[in-house]
Amino acid sequence: RLRQLVHPAMDIGTRPNCPVARAAELVGDKWSLLILRNLFLGGPQRFRDFANALEGVNPTTLSKRLKALQKSQLVHRIVIDSHTPRTRYELTALGRNLAPTIEALRDFGRLIP
């Protein structure tokens, strides 16, 4: 059934070039997806906003995921005050392209009993 949904031009045999594999590499973990969700729903966020909203996330894990999302150019880190380390995070134009994916995951999650 999945083969019927796959575009004929998509070569499943070349996994390193597979767009799905490349996308999953960037956002294929729970915390990254939830960080992106929070940015879509709440706009720019500070580290403590994520820490408060994402129940169970370890601060080290949160920091690593934010850095990875920055490196992949999905999230931009903005320094608010250079004297004290205050920063906020916001979606980049590339990150905003994930809106339909996040919405689709939300819709799918509503189907799960």
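Reader: What is the accessible surface of the protein chain, and what share of it belongs to carbon and sulfur atoms?

Author: In this predicted model, the accessible surface of the protein chain comes to about 8,400 Å². Carbon and sulfur atoms account for 55% of that surface.

Reader: What makes up the secondary structure of the protein chain, and what pattern does it follow?

Author: The protein chain has seven helices and two strands. Along the sequence, the pattern reads α-α-α-α-α-β-β-α-α. Of the 113 residues, 22% count as buried. Among contacts between residues at least 6 apart in sequence, 45% join residues at least 24 apart.

Reader: Why is Thr87 called buried?

Author: The relative accessibility of Thr87 is 11%, and buried means under 20%; Thr87 therefore counts as buried. Thr87 is found in strand 2. Leaving aside neighbours within four places in sequence, its contacts are Arg46, Phe47, Arg77, Ile78, Val79 and Ile80.

Reader: Is Ser72 buried or exposed, and how do you know?

Author: Ser72 has a relative accessibility of 14%. With the cut-off for buried set at under 20%, Ser72 is therefore buried. Its place is in the loop between helix 5 and strand 1. Not counting residues up to four places away in sequence, Ser72 touches Leu26 and Leu94.

Reader: Where does Gln73 lie, and is Gln73 buried or exposed?

Author: Gln73 also lies in the loop between helix 5 and strand 1. Its relative accessible area is 54%, and exposed means over 50%, so Gln73 is exposed.

Reader: Is Gly56 buried or exposed, and how do you know?

Author: Gly56 stands at 69% relative accessibility; the cut-off for exposed is over 50%, and Gly56 therefore counts as exposed. Gly56 lies in the loop between helix 4 (47-53) and helix 5. From C-alpha to C-alpha, Gly56 and Trp31 are 9.9 Å apart in space, and in sequence they are 25 residues apart.

Reader: Which residues have the most contacts inside the largest nonpolar core, and how many residues does that core have?

Author: The largest nonpolar core has 17 residues. Those with the most contacts inside it are Ile35, Leu36, Phe50, Leu54, Leu62, Leu69 and Val75. Helix 3, helix 5 (59-71) and strand 2 (86-91) each supply at least two residues of this core, and helix 3 gives the most, with four residues.

Reader: Which residues is Leu54 in contact with, leaving aside its neighbours within four places in sequence?

Author: Leu54 is in contact with Trp31, Leu34, Ile35, Arg37, Asn38 and Leu62.

Reader: What is the volume of the largest pocket, and which residues line it?

Author: The volume of the largest pocket is about 310 Å³. Its lining consists of Lys30, Leu33, Leu34, Arg37, Phe40, Leu41, Ala99, Ile102, Glu103, Leu105 and Arg106. The elements that give two or more residues to this lining are helix 3 (30-42) and helix 7 (99-111). Helix 3 gives the most, with six residues.

Definitions and conventions. Residues are numbered from 1 along each chain as its sequence is written. This is a predicted model: local features need pLDDT of at least 70, side-chain atom pairs count only at pLDDT 80 or more; totals for chains, interfaces and linings use all residues. Side-chain values use heavy atoms; hydrogens and water are left out. On a 1 Å grid over the protein atoms alone, a cavity is a set of points where a 1.4 Å probe fits but cannot get out, and a pocket is an open set with protein on both sides within 12 Å along at least five of seven lines; lining residues have an atom within 4 Å of a point. Grid points are joined across faces, edges and corners, and a volume is the space filled by probe spheres set on the points. A nonpolar core is a set of buried Ala, Val, Leu, Ile, Met, Phe, Trp, Tyr and Cys residues joined through side-chain atoms within 4.5 Å. Buried means under 20% relative accessible area, exposed over 50%, partly exposed in between (1.4 Å probe, protein chains only). Contact means heavy atoms within 4.5 Å. Accessible areas come from the Shrake-Rupley method with a 1.4 Å probe; for residues, only the protein chains shown count as cover.
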